Amino acid sequence: MTALVEAPTVVPSEERGLAAWVTATDHKRIALMTLGTALLLFLAAGLVALVMRAQLAQPNQHLVPTQTYNQLFTLHGSVMIYLFVTPVAIAMGLYLVPLQVGAPMVAAPKLCLASFWVYLAGSVSLLFSMIPATGGASAGWYAYTPLSDSQYSPGVGMDLWLLGVFLAVLAMMAMAGAVLWTALRMRAPGMTLLRMPVFTWSMVVTCLMTVASFPSLLAAVGLVATGRADPTLFHHNLWDVAYQNLFWFYGHPVVYIMFFPFVGAVAEVLATFARRRFVGYKPTVLSLLAFAALSMSVWGHHLFTTHQSVNDYFSLTSTLLSVPAGLEYFGFLATLIGGRLSFPTPMLFALAFIPQFLIGGLTGIMLAAPTLDYHFHGTYFVVAHFHYTLFAGSVFGLLAGFYFWFPKATGVLLSERLGRLHFWLMVIGTNVTFLPMFGMGFLGMPRRVASYSALPGLGTLNLISSCGAAVLAISVLVLLVNVSESLRRRTPAPPDPWGGFTLEWATSSPPPRFNFDRSFPIPRIRSYAPLLDLRDEQASASPGR
Amino acid sequence: MSAPLVVAGWGAFNTALLVILAGYGGEAMVLWLYGGAVGLTMLFAAGVAASALRRPARLRPRLLPNHGEVGLVTAGGLLAVGLGLTFGPWFYPVAVGFLFFAALGAFRDWRSAG
């Protein structure tokens, strides 16, 4: 059943200025503020990664002290997971879902605005956790106990880190709840569930997982903070394993929360530039739901080596993930085969996503086998695996979406020439950085070490990886130049620069306050590609043209 | 396919996975953890169902203010509570101040919307 929230009868005018932005209840503004903050934090975490790669470029190198290095990898991981990829994934949904389902606004806009500010407060707290003279947070992004307790991580640094994570995760949970409610309860007339675009479906499963799994981390972080205040509270043998369960009950689903929205973005981009409907829509929707449910049941594979989890069960469910993932891949490939392909920048990033994420996925299946996991656990093989899923996969999907929807959000076209340069540098940089890490892991190099011995092969692989990181940094600079130059030149974007299929392309670029108005009404919705239906209708009405 | 069914169906799939985990001999703590998440999902499904029953067709048009200062003030209050836990209780009066103004703002917005 579809519920409709009608646009207000009195439409306030579009307001400008800083004060209008920071207190805006418009979902698009809140999403853009969240995206902007997250992208700034991405740059900061990227700089930290460069320092780490400089440190590891040669064996026995000591550019930064060991304790500082520990803080650097903690900051890098924490910012990337809690403050960059997750918020970007949810904020993309906050921007696009109301547009794609034909809603004039998001459910609970004030809650979404409060969420942005809570997220910002959490970000500031987490960044400041590195500063205290008594020692910054250095227990890694998952802050295992007892390393994160008051005995091994004394001082306020760890407390600020816990506060930052708590606030950021709380904010994203609230925002995700609002996005989910919008998709489920605020669709326009005609927009049935099975007419929602693939991206919106990807957000539905993302938000379901967020609502179900994030409270676990809030509990874990709260308990660590309580244990720090009173160290006698928890008995470590039991508590340490309990913490790992609480943490990974959040920590594995969040990998998919940082992945599904970008699968949805890639699906939209592939269909648009193949000039055909996404093939296998219903199987893809079902596979997304199954994938999301299965991914709630795999967290125990992070505990294989503790001998405190049911290895058979978690190995089975982790391996089963390849079935819905395979279905989605068939959908991607079937959409491409027989399509009239064109290759603008969003399409290039979407195409690169397919094989690169495949590497991340397949190595994940390897790690789902306990026998192999015993060998690779805690090595650079795992680092390579999750960077192929989260960077070579998710960030490429994110960039496909970024180039695709940037004209819609800003009303400005990006430079194709710089976009292509960015793409090629990024593909080279990504693979040169992360592919050698599989080799390092195979040779037994442990993760989170500030230095390593000059064993045969390790130095060369690390040097290659560090050179790749430099190429990645240059590629990000090209992206920044592209964005700033495009915003300066302001080549105006039409409402539908790519010939898109979904409702957001039926409105202006950028969309009006309540998304659709008299100049840009919601077209008739008969399928998950309403604008393609409209074009087909027009073509059949005038066959000569 | 209806919205409450989608959420409840997803919760039911998770319930099946939970039952299988129990069959494999998962520990009570792990089962409670997973069961809690399933319960939360079902609660959300019930909320969606209740909303669908209560407002089957259309919501009344209403005026949405362009601004929501309350959000900013609430975030300030939450941050001050957290800083109080970290640095000491002298942050709590600040937190109370922020949260008081947030509640006041929320009440004002509620009255003007009603």
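The side chains of Arg420(A) and Glu416(A) meet in a salt bridge, with N and O 3.5 Å apart; the term denotes a side-chain nitrogen of Lys or Arg within 4 Å of a carboxyl oxygen of Asp or Glu. The model is predicted: local features need pLDDT of at least 70, side-chain atom pairs count only at pLDDT 80 or more, and totals for chains, interfaces and linings use all residues. Residues are numbered from 1 along each chain as its sequence is written, chains are lettered from A and ligands numbered from 1 in the order in which they are written, and side-chain values use heavy atoms, leaving out hydrogens and water.

- Arg420(A) and Glu416(A) both belong to helix 16 (residues 416–442) of chain A, where they are 4 residues apart, about one turn of the helix; helices are DSSP runs of H or I with at least four residues, numbered from the N terminus.
- Arg420(A) is partly exposed at 34% relative accessibility, and Glu416(A) is partly exposed at 29% (buried means under 20% relative accessible area, exposed over 50%, partly exposed in between, with a 1.4 Å probe and protein chains only).
- Glu485(A) and Arg489(A) form a salt bridge whose closest N and O atoms are 3.6 Å apart.
- These two residues, Glu485(A) and Arg489(A), are 4 residues apart in helix 17 of chain A, about one helical turn.
- Glu485(A) is partly exposed at 24%, whereas Arg489(A) is exposed at 62%.

- Arg513(A) pairs with Asp26(A) in a salt bridge, the closest N and O atoms being 4.0 Å apart.
- Arg513(A) lies in the loop between helix 17 (458–489) and helix 18 (530–541) of chain A, and Asp26(A) in the loop between helix 1 and helix 2 (27–56) of chain A, so the pair ties together parts 487 residues apart in sequence.
- Both Arg513(A) and Asp26(A) are buried.
- A network of salt bridges links Asp26(A), Lys28(A) and Arg513(A).
- Over all chains, the count comes to 10 salt bridges.

**The interface of chain A and chain B**

- In contact, meaning heavy atoms within 4.5 Å, are 69 residues of chain A and 52 residues of chain B.
- The area buried between chain A and chain B is about 5300 Å², with 75% given by carbon and sulfur atoms; buried area is the accessible area (1.4 Å probe) that two parts lose on being put together, summed over both.
- Between chain A and chain B the count is 0 salt bridges.
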